Each structure stands twice: as structure tokens, then as C-alpha cells.
Amino acid sequence: MADTEELPKGIRKYSTIEEVPTEISKYWAQRYDIWSKFDEDIWMTDEAWYGVTPEPIAQRIAEHISYAPSSKTVLIDAFAGAGGNTIAFALSGRWNQIFACEKDPQVLACAKHNAQVYGVEKKIWWIEGDIFDVLQKRLKHAAKNAVIFGSPPWGGPTYADFEVFDLRLMQPYSLSDLYTAFSALSNEVVLFLPRTSDLEQLVKYAKQGEKLKVVHYCMRGASKALCVYYGSFQCG
Ligand SMILES: C[S@@+](CC[C@H](N)C(=O)[O-])C[C@H]1O[C@@H](n2cnc3c(N)ncnc32)[C@H](O)[C@@H]1O
């Protein structure tokens, strides 16, 4: 481990590749692509490495989401993880209010701490809980003026094994679960999904006459993931 510093439960810091569990070594090797301030005391749980959005991609997404209608002044990050996207949203300066929801307290502690490293911790309202409850019980009103962004877990069959990934099989939340819950509260919903996601399934949820935007986000020339933009975004 990196040093003798007391870290909260679940948070792991490694100083050499030999210490890193094999399953996450490929992510750790890209740590400076993921966090430009990695050496300034970024916190991660082992689990959080799988889902964190690399900083250059998070910045591009934040830029694209900023083209939401000006009436949208609130951003809800439904699955905040270790804060990759939330921090980029806060750094963009576009939002009057940002809510970041995460159900795992250890991962939420990472997100808060990482936001501090980037100087934006106080610009974010942090909520520990299940986003489906939180939206109903705490954010229903705020959601009307919000873009809801969701970077859900991509569990279930391994998406990379399929040329076209069936979003009905994504676990624990299918495309239908996510779209139904989020679009009930806001017209502007953005989902960060596997690059192989079935576009025909995505299109099914577009409103009649709506031109759906789907953007692939690449690093080193290869698509890492895509975002689908439901609602009105005046970019491109
Ligand atoms: C793919 S990660 C998000 C990564 C994040 N965008 C980042 O850049 O760090 C998904 C996160 O959603 C959390 N999660 C799963 N189900 C949730 C729920 N119902 N409510 C809130 N958070 C949830 C998981 O604990 C996990 O940290």
C-alpha cells in the first residue's frame, strides 16, 4: 500500500503495479488518463475503478450536456460513483445546482474527496441512497428543471462479447428501467452506455419526430462508450 495514512474503510491506494489486484491492473495502469490529478490524493475503492469515467470523456460529456435548454439549471448525476462525471459537471460552471446520488457510502466518500481535490466539493449536493427512491422522495421538484444524467452499472452479459448489446439484459437496470424512471420527471435524460448498445432499442424511446443524438466517446482512437441524449440539446 502507498503509505501508512489512515484511509476510510474500503478505500485502497496502491503505489506499485505489484500491489494492484490483477482484475484492476489495466485500469490502474491508465490512472493518469482517468484522473489528471491522480497524484494529488485521489481516492478509489477497488470496485469503483471498473465504472469511473475517464476525465477527458467526462469533460466532453459535460460540454455536450451544457447545450441543454437554458431553462434547465439543475443537473442530477444519478449514479455518481467516484465522481468522474460529477466533477466535470461542476467544473463546467453551467449548473446552478448539481445533485450527485450514490448508494455505496464508501464510493460516495471517494466522490466527495475527489471533488475536493478538484476544488468543487462545495458546488455539489451529495446524496447517499437509491436514485429511484431519491428521485421520488427528494428530487421530484428539482427534477423538473434538471437534466438527469445516468452512468449506470453495465452488469449482466459482458457487453464487449456482443457486436450489438441487448440493453434489455443490462443489470441491475435495463434501458427500460432507466428511461421510464428518469423520463417521468424530466424531458432531458442522458444515458452513458456500452459502445455496442443496440441503437434500435435506443431509438424506440425517442419522441415522435425527435432527432436522437448518440455520441461515441473515444480515447486513443477507440470508442469507450456512447451517450444517448433524449430531449433538446442544441449541439452539433
Ligand atoms: C458506472 S458507476 C458510475 C461511475 C461514475 N460515473 C464515475 O465517473 O465515477 C455506477 C455507480 O452506480 C452506483 N449505483 C448502483 N445502483 C444505484 C442506485 N440504485 N442508486 C444510486 N447509485 C447506484 C454504484 O454503486 C456505482 O458506484
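A residue counts as buried if 20 or more other C-beta atoms lie within 10 Å of its own. The exercises below use a predicted model.

**Exercise 1.** Decide whether A146 is buried or exposed.

Solution. Start with the location: A146 belongs to strand β4. Next, take the count, which is 25 other C-beta atoms within 10 Å of A146. The cut-off is 20 or more, so A146 is buried. Finally, list its contacts: leaving aside residues up to four places away in sequence, A146 touches K72, V74, L75, I76 and S186.

**Exercise 2.** Find which residues of helix α9 are buried, and explain why they line one face of the helix.

Solution. In α9, residues 175–183, the buried positions are L175, L178, Y179 and F182. Viewed down the axis of α9, these buried residues fall within an arc of 90°, and therefore they line one face of the helix. Then identify the partners: the buried residues of α9 pack against β4 (146–150), β5 (189–193) and α10 (199–203).

**Exercise 3.** Describe how β2 and β3 are joined.

Solution. Strands β2 and β3 (residues 124–128) run parallel and are connected by 5 bridges. Within this pairing, A100 stands opposite W126 of β3.

**Exercise 4.** Characterise the shell around the ligand by class and by element.

Solution. Sort by class: 9 residues are nonpolar, 7 polar and 4 charged. Of the 20 residues around the ligand, those that come nearest are G51, F79, G81, G84 and S151. Then assign elements: α5 (84–92), β2 (97–102) and α7 (131–137) each supply at least two residues of the shell.

How values were computed: Residues numbered from 1 in each chain as written. Predicted model: local features only at pLDDT ≥ 70, side-chain atom pairs only at ≥ 80, totals over all residues. Near = placed C-beta within 6 Å. Helix = DSSP H or I, 4+ residues; strand = E, 2+ residues; numbered from the N terminus. Nonpolar A, V, L, I, M, F, W, Y, C, P; charged D, E, K, R; others polar. Buried ≥ 20, exposed ≤ 12 C-beta atoms within 10 Å, placed from the backbone. Arc of directions from axis to C-beta. Contact = placed C-beta atoms within 7 Å. Pairing = 2+ DSSP bridges.
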